[in-house]
Amino acid sequence: MQDAAGHSPISRNTPVRFRDTLPEAVDVVIIGGGVIGVFTALYLARAGKSVLLCEKGRVAGEQSSRNWGWLRQTGRDPAEVPIMMQALDLWRDADTETGGKTGFNVCGVTYLARNEHEMERREAWLPVARDHGISSTALSAAKVSDLFGGQSRSWIGAVQTPSDARAEPWQAVPAVAELAQQDGALIREDCAVRALDQTAGKITGVVTEQGRVLAEQVVLAGGAWSSMLARQHGVMIPQLAVRSTAARTVPMDVPSAGNAADGGLSFRRRQDGGYTLAITDKQGFYIGPDAFRHLRKFLPMVLENVSHTDFRLAAPAGFPDAWRTPRRWRADQPSPFETTRVLEPSPDQRYVERMQTRFADRFPSLGRPQICDAWAGMIDAMPDVVPVVDQVASLPGLILATGMSGHGFGIGPGFGRAIARMICGQQPEHDLNRFRFGRFSDGSKLVMGPSL
């Protein structure tokens with residue numbers, strides 16, 4: 001839940017902030033009020049397009065306010081790097097325009113290594129950084145110790161990118177949504193899209209719980225819910241979701257103000273002086289119908305990560321891949337998107353205790369940090385850990401922007417700009433071939449993205 005100071009993720013109890021009246025028609029409807037949908041709405045509005053963003057619950061209510069808050073170039077898939085470099089500039093612009101409400105801060109990212117194997121993985125990023133002119137460097141154990149004021153000798157080295165940054169997710173995305181609204185975008189919370197309207201195999205609009213809206217183009221940016229809606233219309237997205245737990249500490253005196261992670265723990269300084277913590281070697285996964293439906297495509301990832309995954313036999317009621325969640329519904333009746341307005345998985349308390357123990361192990365002088373609160377989010381993931389940002393050839397007018405695989409918050413402005421240009425018929429600024437939807441059906445061999 002979100003506390004009175006607004007330091008935690010947005011929840012179903014967060015008051016509605018966006019209540020624009022549904023229009024009869026717009027140029028573009030965006031489904032999903034996360035970071036991708038919000039930035040897409042902003043850039044479309046500025047391009048002169050009429051746009052409606054529909055969010056079934058709250059803007060940034062799901063993973064867009066539950067992530068770590070990192071804005072990183074480090075460790076990304078090479079195809080994402082140019083887009084992320086641009087995204088950093090766009091985040092800086094958004095922070096200026098919102099009067100600092102995004103919490104944007106250039107603080108650097110440090111990927112720490114506790115052994116030689118981890119160090120080799122970290123250093124594998126350096127050639128990618130050099131190719132793109134990013135000032136990532138390897139640090140010795142002594143330099144890492146200096147970075148943390150001599151308070152820890154847990155690491156043998158690190159790779160650091162000083163130009164990486166951070167933002168405050170629960171503040172940033174709603175602040176950008178307000179910008180988009182000021183520039184003419186219509187935004188409606190508590191407004192689920194139940195179905196896509198189509199005529200002669202082309203998009204003609206959407207059916208929401210509040211009524212129909214005509215539109216020639218629709219952007220599906222629904223995160224963990226995207227594949228469920230797409231399947232209703234014969235568009236099969238091989239997407240699953242994993243549960244990630246994070247926690248917030250009281251203010252602490254850790255000398256480094258940057259984002260940092262090793263093979264077991266991540267930590268980031270927050271504006272309130274506390275830290276967002278997460279473990280980096282475990283994730284939760286609920287086994288459901290989609291897990292079997294997409295097993296063949298996900299098998300390489302499963303085999304690579306089986307020791308890092310806690311498998312559960314069933315998701316809680318109302319989750320996208322719960323066994324009893326309806327897979328079919330009529331457009332004139334309530335949908336699963338209305339049953340679960342905000343997807344709020346419970347945090348794994350075992351992970352929270354592990355965070356405290358690991359932090360104390362790395363910083364003995366600080367000891368076990370006091371936790372203010374903890375939360376979890378469902379990360380929409382693709383089989384190759386790379387998102388889909390593409391038009392759907394079989395259903396003209398539909399654009400997919402989903403499967404961000406834990407990389408979406410930082411790169412959100414870059415993909416939002418790319419989608420807006422796509423809709424406006426402008427030349428792409430980046431090569432988006434890596435993110436094409438057809439890679440799952442055209443016989444291409446899937447190339448796994450980096451696991452950092």
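**Sheets and a pocket in a predicted model**

Biologist: Which strands form the open sheet, and in what order?

Modeller: The open sheet has three strands in the order S10-S11-S12, and the pairing is antiparallel. Strands here are DSSP runs (E) of at least two residues, helices are runs (H or I) of at least four, and both are numbered from the N terminus. Two strands pair if DSSP finds at least two bridges between them. This is a predicted model, in which local features need pLDDT of at least 70 and side-chain atom pairs count only at pLDDT 80 or more, while totals for chains, interfaces and linings use all residues. Residues are numbered from 1 along each chain as its sequence is written, and side-chain values use heavy atoms, with hydrogens and water left out.

Biologist: Which are the edge strands?

Modeller: Strand S10 (193-199) and strand S12 (211-214) are the edges, each pairing on one side only.

Biologist: How many bridges join S11 to S12?

Modeller: Four bridges join strand S11 (residues 202-208) to S12. Within S12, Gly211 is the bridge partner of Thr208.

Biologist: Turning to S2, are its residues buried or exposed?

Modeller: All are buried, that is, under 20% relative accessible area with a 1.4 Å probe and protein chains only. In strand S2 (residues 51-54), Val51 and Leu53 point one way, and Leu52 and Cys54 point the other way.

Biologist: What does S1 do there, and how does the chain cross to S2?

Modeller: Strand S1 (residues 28-31) runs parallel to S2, joined by four bridges. The chain crosses from S1 through helix H1 (residues 35-46) to S2 in a right-handed β-α-β crossover; with the strands pointing away from the viewer, the path from the first strand over the helix to the second runs clockwise.

Biologist: And which residue of S9 partners Leu53?

Modeller: Ile187 is the bridge partner of Leu53. Three bridges join S2 to strand S9 (residues 186-188), and these strands run parallel.

Biologist: New topic: how much space lies in the second largest pocket?

Modeller: About 460 Å³. A pocket is an open set of points on a 1 Å grid over the protein atoms alone, with protein on both sides within 12 Å along at least five of seven lines, and lining residues have an atom within 4 Å of a point.

Biologist: Which residues are closest to its centre?

Modeller: Of the 24 residues that line this pocket, the closest to its centre are Pro238, Lys297, Arg439, Phe440 and Ser441.

Biologist: Which element gives the largest share of the lining?

Modeller: H10 does, with three residues.

Definitions and conventions. Buried means under 20% relative accessible area, exposed over 50%, partly exposed in between (1.4 Å probe, protein chains only). On a 1 Å grid over the protein atoms alone, a cavity is a set of points where a 1.4 Å probe fits but cannot get out, and a pocket is an open set with protein on both sides within 12 Å along at least five of seven lines; lining residues have an atom within 4 Å of a point. Grid points are joined across faces, edges and corners, and a volume is the space filled by probe spheres set on the points.
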